[in-house]
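Colleague: I have a fold open on my screen and would like to go through it with you step by step. Could you take my questions as they come?

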Amino acid sequence: MFKILSRREMAQGTVVENVIEAPQIAKKAKPGQFVILRVNETGERIPLTMANTDPERGTITLIYQIVGKTTSLMKTLQVGDAFMDIAGPLGKPTHIDNIGTVVCIGGGTGVAVLHPITRGFKEMGNKVIGIIGARNKELLIMEDEMKAASTEFEVCTDDGSCGYHGFGTDLLKKRLESEKVDLVVGIGPVPMMKFVCSVTKQYDVPTLVSLNAIMVDGTGMCGCCRVSVGGDTKFACVDGPEFDGHKVDFDGLSQRLAGYMAEEKVSMDRFTASCNCSCKE
């Protein structure tokens, strides 16, 4: 069992942060790696990239968005409750080196994934430009953490309620036009990562993305998380989760992510109905 030590709701309650007791994972985890967890015996296995680790305290931090039945169930867990299973660290860690200027751009809960990577590049002596965005100010997450992890930091919102009025790719393009950038790391929703890569490709800047493919076992055996990268089939769980963004088939990834939407809706409807029944008792 993996006990929840602290809990925080973010982005108007649509995103939850859990600090979890997991000393063995915390000791070995590196930026870019993920875990697969189950809430209980009948729960599905879902992958989440760690937003932070503390080897001394023996904790890992997971941040997730409420999107379906499992994450809705996870939201009901409070401090002192526990996840039944957490397996990790899984996947290949981010290759972090002193390469010069790195732009780390994130959107949505992708900012949580981006945070340890941003911090890692800064600690290696790089100039790190952090850019995060959301639809509005209330949906921004980890603003203070990303600012501390960056050399320079910018925020944008679609409605202009905080920072630059526009998209993160607008700020990225301005940076690419004004200075030499050696690497871009873009993590967020699939459309956002696809757009980031289309921008950086115009300037011939290497770009890393982290793919949130559907996973089952997380060891490369089931093939559920397969993605097309440069025309070759890769498994996000063992070959990734990070890949050269200019080679990723984002359209194929989007199609696979939408493959179980009907079943997910049925599961969510049943969960909501059971919760309503429990509340009436």
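**Sheets, cysteines and overall shape**

Modeller: Let me begin with an open sheet of seven strands, whose order is β12-β11-β10-β9-β13-β14-β17 and whose pairing is mixed. Strands here are DSSP runs of E with at least two residues, helices are DSSP runs of H or I with at least four residues, and both are numbered from the N terminus. Two strands count as paired if DSSP finds at least two bridges between them.

Colleague: Which strands stand at the edges of it?

Modeller: The edges are taken by β12 (164-165) and β17, and each has a single partner strand, so one side of each is left without a neighbour in the sheet.

Colleague: Before we go on, what sort of model is this, and how are the residues counted?

Modeller: This is a predicted model, in which local features need pLDDT of at least 70 and side-chain atom pairs count only at pLDDT 80 or more, while totals for chains, interfaces and linings use all residues. Residues are numbered from 1 along each chain as its sequence is written, and side-chain values use heavy atoms, with hydrogens and water left out.

Colleague: Back to the sheet, then: do β14 and β17 pair in the parallel or the antiparallel sense?

Modeller: They pair in the antiparallel sense, over three bridges, and within this pair L208 stands opposite D244 in β17. In general, strands of a sheet pair through backbone hydrogen bonds, either parallel or antiparallel.

Colleague: Which helix lies across β9, β10, β11, β12 and β13?

Modeller: That is helix α5 (residues 168-178), which lies across β9 (101-107), β10 (127-134), β11 (152-157), β12 and β13 (183-187), and which runs at about 140 degrees to β11. The axes are lines fitted to C-alpha atoms, for helices over the stretch in contact, and the angles run from 0 to 180 degrees between N-to-C directions.

Colleague: New topic: which residues does the "binding site" annotation cover?

Modeller: The UniProt annotation, from an unreviewed entry, covers C222, C225 and C237. They span 16 residues in sequence, yet no two of their C-alpha atoms are more than 10.2 Å apart, so they gather at one spot. Please keep in mind that UniProt positions are given in the numbering used here, that feature names are shortened, and that annotations may be inferred rather than shown by experiment.

Colleague: Where is C225, and what is it in contact with?

Modeller: C225 sits in the loop between β14 (207-210) and β15 (226-229). If we leave aside neighbours within four places in sequence, C225 is in contact with A213, I214, M215, K234, F235, A236 and C237, where contact means heavy atoms within 4.5 Å.

Colleague: And is C225 buried or exposed?

Modeller: C225 is buried, because its relative accessible area is 2%; buried means under 20%, exposed over 50%, and partly exposed in between (1.4 Å probe, protein chains only).

Colleague: What about C237, where is that one?

Modeller: C237 is in the loop between β16 (232-235) and β17 (242-244), and C237 too is buried, with a relative accessible area of 3%.

Colleague: Now the five-strand sheet: in what order do its strands come?

Modeller: This open sheet has the order β5-β6-β2-β1-β7, and its pairing is antiparallel. Its edge strands are β5 (52-54) and β7 (82-83), each of which pairs on one side only. Three bridges join β5 to strand β6 (residues 59-65), and the bridge partner of N52 in β6 is T61.

Colleague: Last one: how many helices and strands are there, and what is the radius of gyration?

Modeller: The protein chain has eight helices and 17 strands. Its radius of gyration is 19 Å, which agrees with the value near 19 Å for a compact globule of 281 residues; the radius is taken over C-alpha atoms, and the globule rule is 2.2 Å times the number of residues to the power 0.38. Of the 281 residues, 46% count as buried.
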